[in-house]
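This report goes through one protein model and takes up its loops, its strand pairing and its charged contacts in turn. Please keep the sequence and the structure in view while reading.

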Amino acid sequence: RGVTFEKDGLVYTIASEYQVWRSVKIDKKWNFKYVVKNEGEVYVSGITTPDSIVKIPTKVSYPTSYCRNVEDTATYQVLGIGESVFEGAVLKDLILPYGLKFIGDRAFSNMTLTSGLFVVHQAKKMGANLFDGMKTKIFFQYLDFPTLQTFGKKENLPEIYTSHQGIKLSGISMDKRF
């Protein structure tokens with residue numbers, strides 16, 4: 001839909017929004033009054049709070065664009081992170097949820113985390129050149145060959161770590177540090 005909103009220091013873009021109509025049971029009887037339940041999907045498209053701890057939630061609630069009544073809110077599933085969202089940002093920490101569907105190109109390039117460590121949960125689709133120029137150590141809980149291919153130029157990468165159990169690189173041997 002292209003509609004954006006800001007909440008807790010992050011800008012979200014609505015990818016989809018829909019309504020569910022259903023009847024409800026009141027006083028042990030079915031009431032045929034329909035209830036609107038607004039839901040949808042969003043992705044992180046910007047940041048408004050530099051130099052802070054940023055936590056991307058799995059779900060975010062915000063007044064729905066379908067209703068004009070402020071009390072009507074929609075709960076959106078957070079799908080992923082758009083292109084270049086955190087590029088060049090200086091944050092205390094960035095906490096990603098597990099289960100993102102995508103992380104866009106250059107999403108974290110030249111980003112600095114003053115905490116010194118960035119824990120990344122692998123998304124289903126990871127963009128190119130995600131970590132170019134980062135000055136922060138990165139820890140992957142799981143690392144596979146398609147993810148390695150998205151890193152871009154190896155000479156411009158930060159230190160990347162994973163556990164031996166987290167390496168799934170058939171036929172490729174590597175130390176804990178990439």
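## A loop residue with positive phi

Ser84 belongs to the loop that runs between strand 6 and strand 7. The model is a predicted one, and in it Ser84 has a positive phi of about 55° although it is not a glycine. Most residues other than glycine have a negative phi. Ser84 has a relative accessible area of 31%, so it falls in the partly exposed class, which lies between the 20% and 50% limits.

Asp8 is another residue that is not a glycine and has a positive phi, again of about 55°. Its place is the loop between strand 1 (4–7) and strand 2 (10–26). With a relative accessible area of 68%, Asp8 is exposed, because the limit for that class is over 50%.

## Overall make-up

The protein has 16 strands and one helix. It consists of 178 residues, of which 38% count as buried. Of the contacts in the protein with a separation of 6 or more, 42% are accounted for by residues 24 or more positions apart. The protein exposes about 10200 Å², and carbon and sulfur atoms supply 51% of that area.

## Strand 6 and its partners

Strands of a sheet pair through backbone hydrogen bonds, either parallel or antiparallel. Which sense of pairing joins strand 5 to strand 6? Strand 5 (residues 59–63) and strand 6 (residues 73–81) run antiparallel and are joined by five bridges; in this pairing Tyr62 has Ala74 of strand 6 as its bridge partner. With strand 9 (residues 102–103), by contrast, strand 6 pairs in the parallel sense, over two bridges, and here the bridge partner of Ile81 is Ile103 in strand 9.

Thr75 also lies in strand 6, and at a relative accessible area of 33% it is partly exposed. Its side chain makes a polar contact of 3.2 Å with the side chain of Ser61. The C-alpha atom of Thr75 is separated by 6.7 Å from that of Gly40, although the two residues are 35 residues apart along the chain.

Three strands form an open sheet with parallel pairing, in the order 11-13-15. Strand 11 (117–120) and strand 15 (160–162) stand at the edges, and each has a single partner strand, so one side of each is left without a neighbour in the sheet. Neighbouring strands of this sheet are turned against each other by 25° on average, direction ignored.

The pairing of strand 13 with strand 15 is parallel and runs over three bridges. Within it, Ile138 stands opposite Ile160 of strand 15.

Side chains of opposite charge can pair when their charged atoms come close. How many salt bridges does the count give? The count comes to two salt bridges. In one of them, Glu87 pairs with Arg106, and the closest N and O atoms are 2.7 Å apart. Glu87 lies in the loop between strand 6 and strand 7 (90–91), whereas Arg106 lies in the loop between strand 9 and strand 10 (112–113), so the pair ties together parts that are 19 residues apart in sequence.

Arg106 also forms a salt bridge with Asp132, where the closest N and O atoms are 3.8 Å apart. Because Asp132 lies in the loop between strand 12 (125–126) and strand 13 (137–140), this pair ties together parts that are 26 residues apart in sequence. As to accessibility, Glu87 is partly exposed at 34% and Arg106 is partly exposed at 27%, while Asp132, at 6%, counts as buried.

Ser52 is found in the loop between strand 3 (29–47) and strand 4 (53–55). Is this residue, Ser52, buried or exposed? Its relative accessibility is 18%, and Ser52 therefore counts as buried, since the limit is under 20%.

The side chain of Ser52 reaches the backbone oxygen of Thr49 at 2.9 Å. When its neighbours within four places in sequence are left aside, Ser52 is in contact with Leu91, Lys92 and Asp93.

Technical notes
Residues are numbered from 1 along each chain as its sequence is written. This is a predicted model: local features need pLDDT of at least 70, side-chain atom pairs count only at pLDDT 80 or more; totals for chains, interfaces and linings use all residues. Side-chain values use heavy atoms; hydrogens and water are left out. Two strands pair if DSSP finds at least two bridges between them. Helices (H or I, at least four residues) and strands (E, at least two) are DSSP runs, numbered from the N terminus. Buried means under 20% relative accessible area, exposed over 50%, partly exposed in between (1.4 Å probe, protein chains only). A polar contact is a pair of N or O atoms within 3.5 Å; within protein, one must be able to donate a hydrogen and the other to accept it, and residues adjacent in sequence count only if both atoms are side-chain atoms. A salt bridge is a side-chain nitrogen of Lys or Arg within 4 Å of a carboxyl oxygen of Asp or Glu. Contact means heavy atoms within 4.5 Å. Accessible areas come from the Shrake-Rupley method with a 1.4 Å probe; for residues, only the protein chains shown count as cover. Axes are lines fitted to C-alpha atoms, for helices over the stretch in contact, and angles run from 0 to 180 degrees between N-to-C directions.
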